[in-house]
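Please look at the sequence and the model first, then read on.

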Amino acid sequence: MRFSKYFIPTIKEMPTQTDFISQKLMLKSGMIKQVSSGLFVYLPTFMRVAEKVCGIIKREMEKADSVPAKFPLLIAREDLEATNRWQSFGKEMFTLFDRNKREYAISPTNEEYACFVAQNYIRSYKDLPFSIYQIQQKHRDEIRPRGGVMRAREFLMKDAYSFHADEDSLDEYYKKMEKAYRNIFTKCGLDFVVVNADSGAMGGSGSQEFMALAKDGEAEIGVCGCGFATNTELLSEHICPHCGKELEILRANEVGHIFKLGTRYTDALNLKYVDENNQEKLMIMGCYGIGIERVISSIIEQHNDERGIAFPSNMAPFKANIIVINTKDEAQVKLAEEIYETLQDAGVETLLDDRNERFGVKLADSELIGIPYNIIVGKRASEGVVEFQKRRGDKLEALAGEILQKIQ
Ligand SMILES: [Zn+2]
């Protein structure tokens with residue numbers, strides 16, 4: 001993309017309406033625009049990062065044999081009442097009526113309709129396990145939306161639902177999902193801890209939260225050298241229940257949550273399959289969520305400095321930025337265009353900063369947005385020489401022809 005034709009509305013002053021560094025930097029670097037309480041427009045660079053996160057998730061879901069789908073945003077009141085969730089979610093849900101006075105909620109999650117899919121197509125033990133997922137907008141009527149996209153009224157979630165013939169199959173699949181989640185968060189460059197959690201409103205027999213460490217994280221967790229970790233809300237004292245050592249107390253934000261639901265939903269909806277002995281049995285269920293904005297916020301919480309966002313290379317909205325020092329100089333523009341074409345052809349996501357701005361402004365924007373590599377085209381362009389700089393690293397002279405190799 002050419003910067004002049006793109007849309008990255010960076011702001012000079014650090015925003016003050018939030019305490020969260022990730023939120024400040026997303027606003028300052030032009031990733032998001034707040035338009036109402038808890039409502040945000042995702043701007044182009046945010047979309048690029050979100051695509052990367054979703055790409056990693058999709059590949060891991062495929063490895064875990066989960067199939068992609070998309071559930072409706074609306075769910076009829078009677079379908080949520082069948083599992084008692086109209087009541088349990090209560091005021092957290094947005095609700096509405098159609099013209100015939102039939103009432104709906106905007107789906108908080110999709111256990112019910114995932115069960116409806118399984119009900120119609122999964123009849124035999126031979127069809128199990130079955131796993132289906134979507135990446136879809138979710139809505140929550142927060143009393144006081146704070147923390148920006150971390151606790152917005154509308155957000156993107158990956159939600160997966162698995163169906164099983166017995167507990168052993170659920171246990172095995174749950175472990176597979178735990179591994180998929182570990183892979184996803186590791187590939188996103190996150191430092192995280194997996195804690196045993198309370199199943200809360202979802203119901204069921206077991207759950208784990210994936211907590212990304214953050215200085216101002218909303219949750220407090222206790223971690224022990226023996227591998228034990230927990231949300232401190234579940235403890236009466238800060239002592240490891242396994243080995244008796246004192247827990248290290250850290251702050252973190254939840255980025256993912258996996259649940260063993262058991263028969264909580266399949267019983268309510270009478271979702272059965274036929275086993276080897278031709279007997280009808282209730283299916284057993286698991287569900288698995290990831291908050292996409294929470295992942296992106298957490299990456300920024302963990303990867304930033306005083307100049308801006310220091311995205312890991314695979315998460316940055318662009319991998320390279322070609323900065324033309326003097327856009328009036330023909331040789332500079334020509335060489336920059338050549339490098340731009342070479343990188344684009346090689347599939348390197350490249351920004352070409354062709355704006356008529358001072359070099360300092362362009363470099364500051366590049367460091368704020370979090371682009372890992374800068375290629376600076378200046379005075380020696382006529383000799384085919386440019387400067388190559390890792391974000392905040394030393395400037396090294398390089399021949400234009402060597403750039404691709406240096407980036408890859
Ligand atoms: Zn311990």
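The model is predicted, so local features need pLDDT of at least 70 and side-chain atom pairs count only at pLDDT 80 or more, while totals for chains, interfaces and linings use all residues. Residues are numbered from 1 along each chain as its sequence is written. The chain has 11 helices and 23 strands, where helices (H or I, at least four residues) and strands (E, at least two) are DSSP runs numbered from the N terminus.

**Whole chain**

- The C-alpha trace spans about 80 × 55 × 40 Å along its principal axes.
- Of the 408 residues in the chain, 40% are buried; a residue is buried if 20 or more other C-beta atoms lie within 10 Å of its own, exposed if 12 or fewer, and partly exposed in between, with C-beta atoms placed from the backbone.
- Among contacts between residues at least 6 apart in sequence, 68% join residues at least 24 apart; two residues are in contact if their C-beta atoms, placed from the backbone, lie within 7 Å.

**Domains**

- The chain is divided into domain 1 (3-212 + 252-305) and domain 2 (320-407), with bounds that come from an automatic or database domain assignment.
- Taken over C-alpha atoms, the centres of domain 1 and domain 2 are 39 Å apart.
- Seven residues of domain 1 are in contact with eight residues of domain 2.
- The side of domain 1 that touches domain 2 has two nonpolar, four polar and one charged residues; Ala, Val, Leu, Ile, Met, Phe, Trp, Tyr, Cys and Pro count as nonpolar, Asp, Glu, Lys and Arg as charged, and the others, Gly among them, as polar.

**Packing against helix α8**

- Helix α1 (residues 21-28) packs on helix α8 (residues 292-302) at an angle of about 100°, with the axes 8 Å apart; axes are lines fitted to C-alpha atoms, for helices over the stretch in contact, and angles run from 0 to 180 degrees between N-to-C directions.
- That angle makes α1 roughly perpendicular to α8 (under 35 degrees counts as roughly parallel, over 145 as roughly antiparallel, 65 to 115 as roughly perpendicular and the rest as oblique).
- I21, S22, L25 and M26 of α1 make this contact with S297, I300 and E301 of α8, a set of four nonpolar, two polar and one charged residues.
- Helix α2 (residues 44-63) and α8 pack at an angle of about 110°, their axes 10 Å apart, and are therefore roughly perpendicular to each other.
- In this second contact, V49, A50, V53 and C54 in α2 meet I292, V295 and I296 in α8; the contact has seven nonpolar, no polar and no charged residues.

- In helix α5 (residues 111-121), the buried residues are E111, E112, A114, C115 and A118.
- These fall within an arc of 160° seen down the axis of α5, so they line one face of the helix; the arc is that of the directions from the helix axis to the C-beta atoms.
- Exposed residues N120 and Y121 sit on the face of α5 turned away from its buried side.
- Helix α10 (residues 359-369) has K362, L363, D365, S366, E367, L368 and I369 as its buried residues, with α1 and α2 among the elements that cover them.

**Lysine 260**

- K260 lies in strand β13 (residues 248-262).
- K260 counts as buried because it has 23 C-beta neighbours inside 10 Å.
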